[in-house]
Amino acid sequence: MAVFGRQFDIIVAGAGHAGVEAALACARMGLSTLCLCLNLDSIALCACNPAIGGTSKGHLVREIDALGGEMGLAADETFIQMRMLNLSKGPAVHSLRAQIDKNRYHMRMKYALERQEGLTVAQDECERILVENGRVTGVRCAGGTEYGCRALVICAGVYLKSLIHIGEYSREQGPSGLARATGLSESLQELGFELRRFKTGTPPRVSRRSLDLSKMELQPGDEPIPHFSFLTDRLEREQKCCYLTYTNSETHSAILSNLDRSPMFSGRINAAPTRYCPSIEDKLVRFKDKERHQLFIEPEGEFTDEMYVQGFSTSLPRDVQQLALRTVPGLENCEIMRWGYAIEYDCIDPTELDPTLGSKRVAGLYFAGQINGSSGYEEAAAQGILAGINAALFVKNEAPFILRRSDAYIGVLADDLATKGTNEPYRMMTSRAEYRLVLRQDNADLRLTEAARRTGLISDARYDRLMYKKDELIRAKEALSAVAPPNATVNGLLISRGESPLVTGARLDRLLRRSTVSYTDLLRLFPELPDISEEAAFELETEAHYGGYIERENERIRRFEGQESVRLPADIDYSAISGLRIEARQKLSSLRPLNLGQASRISGVSPADIAVLLIKLKEMNEKRRGGEAE
Ligand SMILES: Cc1cc2nc3c(=O)[nH]c(=O)nc-3n(C[C@H](O)[C@H](O)[C@H](O)COP(=O)(O)OP(=O)(O)OC[C@H]3O[C@@H](n4cnc5c(N)ncnc54)[C@H](O)[C@@H]3O)c2cc1C
């Protein structure tokens, strides 16, 4: 018998990386919010690698922070090592990665939820979505409790009917030995959602004292220590090291000679695997000629002996895992504390969603995270904050908050999922972002914070910091319009940098365009220049050094946004547009894109179809105008 719990504005089912951001966003936007999860001790659980960020994922974390989210702040508070990746490459791919203390990260996020005004956190399993007249009205939990709501965000991650595999051993459970969720899958299917099976995997954890770290290469953190959040000033802490070792031919033969016992290769797992986080057995099959594979040995935290073997994700039987690992330099006597395993789980087809991550099937229903077919803490958290903001705006009856591909990596993520869909766990990569020189991690605040101000998520402190940085940039740009005389000092600097000396005066901003010249150099030569923050100086230098490329990218963005601004009527009958090819009619009718740009990215919709649509829209507008004139 159903027992009515309470009425909330919004319910968030799940407190993983997506659920935490969604719940905090809704409560901080002033709405009464309930956050449900299967086990409070697994809030923001890092079920896989003890790290936040990395290539392109660092961009997502910075964007979440710029929108007023929590992940960046939590990573800055619980990191044990920070490294800026890809510094040898251009700023478009510079990405921050934090090694974090998993347990402290969990506690930090749990406490953030518990302290958040307007947010109720409860351990309960959402089993049924309650819908009336096509609109969500609440949930029923295991045990029969019902809660009412005006919007619901499902962030159930890898728990829906999850099944883990370690060789021939399988078990119906969630990650890290936690219980799984069952009923929600049926409830989604009853609402008409098609569910797919995806799979991901994780490596074993070994005990540090059983390792010989002297046989490995040290991987220290960066000094000074970079940080994620635009609210963080300076980080000072003794950093932990990671260690690099390699597999070898012995490792490879131990694995390849037991491939038939790997559930992925024996056919026991019939789910789409993660192409970009492959298991070790997958890597050996796909890259046969590679003599060795890197393994990074990473501490899981400050007060634990557990070490994560990055690069050795596997679902091989226990005996094979141990046999193979003990062939690796430094792991000869390793003690495995947790076995690697694969997990398969239910997820939805994200083309069921629009770019707000709202369902096109049920009003007020949103989805975020792994349940949308993505993979990764950062991808989940990015979807969580976007879905949370939009669920709140839906309840407030305000215009949705859509991030376009030209605004943010989060925009690329949401658009890829909603428009193109995915047949395997989707992981963000810089190559997915067409405008990555503009979408750098260092300018996420300049790109997003002001736009997010209307959501109510941006605190005054964050806004003031942004305004201060903007003011720094304006003052410095003005001052850089001054002219540098071709004197010995200036030319001394240029020659020392292998640059051609000045013969006539040159504006300082033109000097800054020289890739070897920094703002600090100019400040030393021209102390009248404003002394600005490192972040602002980096922004100026990047804009100057890559000015031409950025301008060309902005030109492409202008064209892109032109197509994005051509809205498509929600009720247009694509099947009646004769010039469209049949495949295009079917795809457009099922996906119902919001604008011409989104339509052009649907696979199976050709440029010729877009031209036909443009003509149709023109006809419709003329007809409407004709009608209005009468
Ligand atoms: C074994 C394993 C290996 C992984 N490997 C990788 C990898 O290699 N690379 C990578 O990028 N990512 C990997 N991940 C993925 C990463 O952990 C997830 O992407 C991330 O945790 C997804 O976050 P989420 O918030 O969507 O879901 P989760 O973190 O899974 O959280 C889901 C939340 O929903 C709650 N919940 C579920 N069902 C219900 C319900 N019915 N009612 C109430 N609450 C519910 C749970 O209690 C939990 O709080 C791996 C994950 C696992 C488990």
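Colleague: What makes the meeting of the side chains of Glu 146 and Arg 140 a salt bridge?

Modeller: The N to O distance between Glu 146 and Arg 140 is 2.8 Å, and a salt bridge is defined as a side-chain nitrogen of Lys or Arg within 4 Å of a carboxyl oxygen of Asp or Glu, so the pair meets the rule. This is a predicted model, in which local features need pLDDT of at least 70 and side-chain atom pairs count only at pLDDT 80 or more, while totals for chains, interfaces and linings use all residues. Residues are numbered from 1 along each chain as its sequence is written, and side-chain values use heavy atoms, with hydrogens and water left out.

Colleague: Why is Glu 146 called buried, and why is Arg 140 called partly exposed?

Modeller: Buried means under 20% relative accessible area, exposed means over 50%, and partly exposed lies in between, with a 1.4 Å probe and protein chains only. Glu 146 has 16%, so Glu 146 counts as buried, whereas Arg 140 has 30% and therefore counts as partly exposed.

Colleague: How do you know that Glu 77 and Arg 108 link distant parts of the chain?

Modeller: Their closest N and O atoms are 2.6 Å apart in a salt bridge, yet Glu 77 lies in helix α3 (residues 71-78) and Arg 108 in helix α4 (residues 102-115), 31 residues apart. Helices here are DSSP runs of H or I with at least four residues, and strands are runs of E with at least two, numbered from the N terminus. Arg 108 is buried because its relative accessible area is 14%, while Glu 77, at 37%, is partly exposed.

Colleague: What does the salt bridge between Asp 609 and Arg 581 tie together?

Modeller: The closest N and O atoms of Asp 609 and Arg 581 are 2.8 Å apart. Asp 609 lies in helix α21 (residues 607-629) and Arg 581 in the loop between α18 (547-564) and α19 (582-591), so the pair ties together parts that are 28 residues apart in sequence. Asp 609 counts as buried, at 1% relative accessibility, and Arg 581 is partly exposed, with 37%. The structure holds 54 salt bridges.

Colleague: Why is Glu 379 called buried, and which residues does Glu 379 touch?

Modeller: Glu 379, found in helix α10 (residues 377-395), has a relative accessible area of 0%, so Glu 379 is buried. Not counting residues up to four places away in sequence, Glu 379 touches Lys 57, Leu 60, Ser 374, Leu 413, Tyr 426, Arg 427 and Met 428, where contact means heavy atoms within 4.5 Å.

Colleague: How do you know that the radius of gyration of the chain agrees with a compact globule?

Modeller: The radius is taken over C-alpha atoms, and the globule rule is 2.2 Å times the number of residues to the power 0.38. With 630 residues the rule gives a value near 25 Å, and the chain has 26 Å, which agrees. The C-alpha atoms fill a box of roughly 85 × 85 × 50 Å, taken along the principal axes.

Colleague: What share of the residues is buried, and how many helices and strands are there?

Modeller: Buried residues make up 58% of the 630 residues in the chain, which has 21 helices and 24 strands. Among contacts with a separation of 6 or more, 72% are between residues 24 or more positions apart.
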